[in-house]
Each structure stands twice: as structure tokens, then as C-alpha cells.
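Here is a short report for a reader meeting this structure for the first time. Please look over the sequence and the model before reading on.

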Amino acid sequence: HHDFFQSVLDWMSPDRLATFNAQSLGNTLHALAVFPELRRGAQLATLKATFLSFLPFIDASVGDFQVQNLVNITQAFSTVGLPAPESLLAALHERRSTWNTQD
């Protein structure tokens, strides 16, 4: 499994990230964040760097995200020990009155 996730990290370039929709990005970040082997030692540093490389895309696309996407991405950042991007926190705060029970 480790080799698969490492291949995914290597594959994700800024050009490829630009093709992700909000759900794809949220699902990808969540899957990477919860994979235990990537949260150890040097792998964690690589994972954090990968997450940080997503910030420009997140910031540019945050207006398109559903609440669930915002929550998934915020949780993924927290899981790997990174603060949630300010753009996500602002969007969550702004949309707090529109959440439903599925969010």
C-alpha cells in the first residue's frame, strides 16, 4: 500500500491538481491523511509538503466547495498536523447558517 500512496503523491503535480473538482480534492486529501504509513517520519514531511502545494488551488477554488468538501479538507489538514487554510475557515464560518444534517 505504501508504494501506491507514494506513487499518488509523486503523480500529483500542480497541473494535475488544476483538473480536480472540489469533491476529488477533498476525497484525495482525506485518503492521504488517514493512511497511517504516510504519517510517520520522513513520509509525514513529504505529505505535509504535498498538502501545502495544494494551497493555491484550494484558495482559488474555495468558492466552489460544498460544506462537506470544506470539512473534509479542513479535517485532512488537521490530521497531518497542519493548520487549516484560512480560506477554508472563512468559507466555513460564512456558510455556517446553511449547513444541514448531512454536513
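## Overall fold

This is a predicted model. The protein has 7 helices and 0 strands. Along the sequence, its pattern reads α-α-α-α-α-α-α. The radius of gyration is 13 Å, close to the 13 Å that the globule rule gives for 103 residues, so the protein is as compact as a globular protein of that length. The C-alpha trace spans about 40 × 25 × 20 Å along its principal axes.

Buried residues account for 40% of the 103 residues. Consider the contacts between residues at least 6 apart in sequence: 66% of them join residues at least 24 apart.

## Helices α3 and α6

Helix α3 covers residues 22-34, and helix α6 covers residues 67-79. How do the two pack, by angle and by distance between axes? The angle is about 25°, and the axes lie 8 Å apart. An angle under 35 degrees counts as roughly parallel, so α3 is roughly parallel to α6. Their crossing is left-handed.

| Helix | Residues in the contact |
|---|---|
| α3 | Ala-22, Gln-23, Leu-25, Gly-26, Asn-27, Leu-29, His-30, Ala-33 |
| α6 | Asn-69, Asn-72, Ile-73, Gln-75, Ala-76, Phe-77, Thr-79 |

By class, this contact of α3 with α6 has 7 nonpolar and 8 polar residues. It has no charged residues. Leu-29 in α3 is one of the residues in the contact, and Phe-77 in α6 is another.

Notes
Residues are numbered from 1 along each chain as its sequence is written. This is a predicted model: local features need pLDDT of at least 70, side-chain atom pairs count only at pLDDT 80 or more; totals for chains, interfaces and linings use all residues. Side-chain values use heavy atoms; hydrogens and water are left out. Axes are lines fitted to C-alpha atoms, for helices over the stretch in contact, and angles run from 0 to 180 degrees between N-to-C directions. Helices (H or I, at least four residues) and strands (E, at least two) are DSSP runs, numbered from the N terminus. Angles under 35 degrees count as roughly parallel, over 145 as roughly antiparallel, 65 to 115 as roughly perpendicular and the rest as oblique. A crossing is left-handed if the near helix is turned anticlockwise from the far one by less than a right angle, and right-handed if clockwise. Contact means heavy atoms within 4.5 Å. Ala, Val, Leu, Ile, Met, Phe, Trp, Tyr, Cys and Pro count as nonpolar, Asp, Glu, Lys and Arg as charged, and the others, Gly among them, as polar. The radius of gyration is taken over C-alpha atoms; the globule rule is 2.2 Å times the number of residues to the power 0.38. Buried means under 20% relative accessible area, exposed over 50%, partly exposed in between (1.4 Å probe, protein chains only).
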